[in-house]
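Here are my notes from a pass through this one. Have a look at the model first, then read on.

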Amino acid sequence: MRKLTGRCELQRICYNTKPGASRTMKIETSLRDSKSKLLQTSVSVHPDAIEKTIDDIMELKKINPDINPQLGISLQACLLQIVGYRNLIADVEKLRRESYDSDNPQHEEMLLKLWKFLKPNTPLESRISKQWCEIGFQGDDPKTDFRGMGLLGLYNLQYFAERDAAAAQQVLSDSLHPKCRYSFAIVGINITDLAYNLLVSGALKTHFYNIAPEAPTLSHFQQTFCYLMHEFHKFWIEEDPMDIMEFNRVREKFRKRIIKQLQNPDMALCPHFAASEGLINM
Amino acid sequence: MGQLESQIQNEKMEQMACGDLGFLQTLKAQKLASSMKRWSKIFIRCFRALCCKGPPPARPEYDLVCIGLTGSGKTSLLSKLCSESPDSVVSTTGFSIKAVPFQNAILNVKELGGADNIRKYWSRYYQGSQGVIFVLDSASSEDDLETARNELHSALQHPQLCTLPFLILANHQDKPAARSVQEVKKYFELEPLARGKRWILQPCSLDDMEALKDSFSQLINLLEEKDHEAVRM
């Protein structure tokens with residue numbers, strides 16, 4: 001192909017595909033499947049080494065940066081996203097593995113802040129209290145409910161309650177309504193589980209490569225969580241299940257819907273952080 | 001092959017459901033069932049001989065219900081039995097169904113969430129169960145242990161479960177505060193209350209899968225016995 005077009009595969013991709021998930025994913029596949037060790041390992045370099053890696057690649061492919069300045073820039077943008085996604089998985093996993101520890105003052109502070117954001121007008125009577133059930137925890141001590149997702153679960157709930165307070169309040173108040181009836185916090189932890197699996201399986205690449213100008217960050221992940229919480233809530237109401245026992249069935253149906261949406265390479269679930277907006281096709 | 005076996009199963013189920021079929025009809029069905037079984041075994045052997053690796057013989061399937069308080073370890077244990085990592089298991093909300101494979105049977109387990117607000121729905125899912133798995137946290141607080149005891153007693157006495165075999169798993173044995181199996185047996189009053197019923201009490205933890213699998217083998221034996229009893233009826 002190179003002889004015919006005079007361009008190597010990387011060049012052809014950058015020339016023919018506009019910036020976004022399509023381009024980045026094609027570059028990622030091309031690099032990963034390359035016979036060259038340099039290209040193969042470029043997908044997992046340290047972010048600080050990206051510039052040098054690009055220079056090395058250009059040299060290897062005998063591409064003159066003066067004649068093809070755009071290529072270097074495009075490759076760099078792609079690589080930042082690719083490497084960033086991998087690092088985000090590592091950061092998210094680290095948070096997930098950290099168990100909630102009631103002896104850790106920072107964890108405790110975050111938990112109490114969660115209460116304050118969700119119930120600003122109701123003081124918490126005590127750290128161990130049946131009041132926690134009012135925001136959807138299962139017992140009088142939320143710590144056991146964080147199992148599986150660890151601190152990641154709490155981080156996401158707190159982000160939602162703090163940064164998207166209006167939506168969070170709405171979801172909370174709806175969740176207590178006899179018609180809707182689900183546990184806000186537990187559903188939140190389940191949605192974190194969903195988001196985590198979408199991230200780790202690579203399904204969120206479409207979304208992140210489309211919305212993150214450079215490396216996807218934890219904030220992007222948390223914003224995605226807010227979006228998923230909001231969408232799931234709407235979906236739950238639409239599905240009109242008999243009661244909470246249908247949760248897993250509805251959750252699975254929701255997950256399949258999101259996966260299908262993410263299969264469109266032009267999809268961005270929430271292009272700019274406004275969790276109350278619907279999805280937009282770029 | 002699976003089709004034949006499941007046809008036999010279906011027939012057995014129908015027999016049990018109808019209840020008042022004449023003795024003669026039952027005998028006829030039994031004869032048909034055993035001759036079908038005989039022929040199917042011969043068929044499998046021929047097929048295998050011809051194809052070197054024939055299809056695996058269909059294992060009997062049993063429908064079970066798995067209950068216990070939240071945090072007792074139901075999802076984690078079932079996940080591990082299915083060779084899945086229990087590492088990222090979150091609280092079960094609602095219910096979930098898992099097909100847990102063993103060497104000589106497949107257990108279709110309906111696992112029910114154990115939170116306070118969900119337990120009231122448990123009995124809705126008892127219909128059609130052939131056995132019960134009850135999981136408890138051996139290291140839980142006194143209050144929680146008492147709640148677990150009440151739930152176990154309710155289950156043992158529930159009309160749809162009272163004749164079924166129970167596998168009671170005293171989980172979290174790896175925690176320092178875990179009560180021993182003797183203490184659990186005494187506290188849960190298993191000897192007097194569960195007298196006349198078939199139950200197995202097994203101490204366990206996620207670290208010891210061998211002991212757990214062993215207890216499931218015993219449960220499967222109880223389920224098989226019950227099955228043969230039903231056919232003889």
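**Notes on the model**

1. Let's start in chain A: the side chains of A:Thr24 and A:Gln81 are joined by a polar contact of 2.7 Å. By polar contact I mean a pair of N or O atoms within 3.5 Å; within protein, one must be able to donate a hydrogen and the other to accept it, and residues adjacent in sequence count only if both atoms are side-chain atoms.

2. Some housekeeping. This is a predicted model, where local features need pLDDT of at least 70 and side-chain atom pairs count only at pLDDT 80 or more, while totals for chains, interfaces and linings use all residues. Residues are numbered from 1 along each chain as its sequence is written, chains are lettered from A and ligands numbered from 1 in the order in which they are written, and side-chain values use heavy atoms, with hydrogens and water left out.

3. Back to A:Thr24, which sits in helix H3 (residues 21-32) of chain A; helices (H or I, at least four residues) and strands (E, at least two) are DSSP runs, numbered from the N terminus. A:Thr24 has a relative accessible area of 1%, so it is buried (under 20%; exposed is over 50%, partly exposed in between, with a 1.4 Å probe and protein chains only). Apart from neighbours within four places in sequence, A:Thr24 is in contact (heavy atoms within 4.5 Å) with A:Cys78, A:Gln81, A:Ile82 and A:Tyr209.

4. Over in chain B, the unreviewed UniProt entry annotates B:Thr75 and B:Thr92 as "binding site". UniProt positions are in the numbering used here, feature names are shortened, and annotations may be inferred rather than shown by experiment. The two span 18 residues in sequence, but no two of their C-alpha atoms are more than 7.3 Å apart, so they gather at one spot. Their side chains are joined by a polar contact of 2.6 Å.

5. Where do B:Thr75 and B:Thr92 sit? B:Thr75 is in helix H3 (residues 74-81) of chain B, and B:Thr92 is in the loop between H3 and strand E2 (95-101) of chain B. B:Thr75 counts as buried at 18% relative accessibility, and B:Thr92 is buried at 14%.

6. Setting aside residues up to four places away in sequence, B:Thr75 touches B:Val89, B:Thr92 and B:Glu111. With neighbours within four places likewise left out, the contacts of B:Thr92 include A:Asn248 from chain A, along with B:Glu111, B:Gly113 and B:Ile118.
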